[in-house]
Amino acid sequence: MSLRNHGLLAAGALLVLALAACGSKESPTAPASGAAQASLVVKDPWVKTAKSGMSAAYGTVVNPTGKDVVVVSAASAVSAMIELHETTTVDGKMAMRPKEGGFVIPANGSNEFKPGGDHFMLMDVTTEVKAGDQVTFTLTLQDGGTVRFTALGKDFAGGNESYRPGAPSSMTMG
Ligand SMILES: [Cu+2]
């Protein structure tokens, strides 16, 4: 067997594993009998249009439960990788950075993800996001649970704060 074939086989095996992992997680919304605790709700989610490269998703994440819920990661088929980012001011300039420990959505509270603030950073858009597109995201929680939401593709000029570190900061956030 050539090395090339071997590589393909290995890739195939990984794919099967990945599919199996997905399947178990997303088993058709099995209504957890009885203790079905309402999870997070994402209101008015939207994602900035992008052909490739970086983009971001926003919305208000509501926690109707009586316990803090921690979002530890996010994923979407349109981006090879998504990071949880917060925006801070460093030396008078706004910059974004990965949120250590994930986002805590307070019990009976919410956290607003918006340009110039917290956001879900699409690090590597692999499928163009166009205005009007419906893009599905999956949040993974600290307790292993997942929350899915569908964001609407929207054109938006801002939210570019630290794409080009070193460039003059042009914060026109609303
Ligand atoms: Cu970011």
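The largest nonpolar core holds 26 residues, and A57, F120, L122 and F137 have the most contacts inside it. Such a core is a set of buried Ala, Val, Leu, Ile, Met, Phe, Trp, Tyr and Cys residues joined through C-beta atoms within 7 Å. This is a predicted model: local features need pLDDT of at least 70, side-chain atom pairs count only at pLDDT 80 or more, and totals for chains, interfaces and linings use all residues. Numbering starts from 1 along each chain as its sequence is written.

**Core**
- Two or more residues each come from β1 (41-48), β2, β3 (69-76), β4, β8, β9 (134-141) and β10 (146-154). Strands are DSSP runs (E, at least two residues), numbered from the N terminus.
- Beyond four places in sequence, F137 is in contact (C-beta atoms, placed from the backbone, within 7 Å) with A57, A74, A75, S76, F120, R148, F149 and A151.

**Strand β8**
- Five of the seven residues of β8 (119-125) are buried. Buried means 20 or more other C-beta atoms within 10 Å of the residue's own.
- β8 runs antiparallel to β2 (residues 53-63), joined by four bridges. Pairing requires at least two DSSP bridges.
- A56 has M121 in β8 as its bridge partner.
- β8 also pairs with β4 (residues 82-90), antiparallel, over four bridges. Here I82 stands opposite L122.

**Confidence**
- The protein's average pLDDT (the predictor's confidence in each residue, from 0 to 100) is 80, and 68% of residues score at least 70.
- Residues 11-36 stay under 50, with two contacts beyond four places in sequence.
- Residues 163-174 are also below 50, with twelve contacts beyond near neighbours in sequence.
- Where pLDDT is low, the predicted coordinates should not be read in detail.

Methods:
A residue is buried if 20 or more other C-beta atoms lie within 10 Å of its own, exposed if 12 or fewer, and partly exposed in between; C-beta atoms are placed from the backbone.
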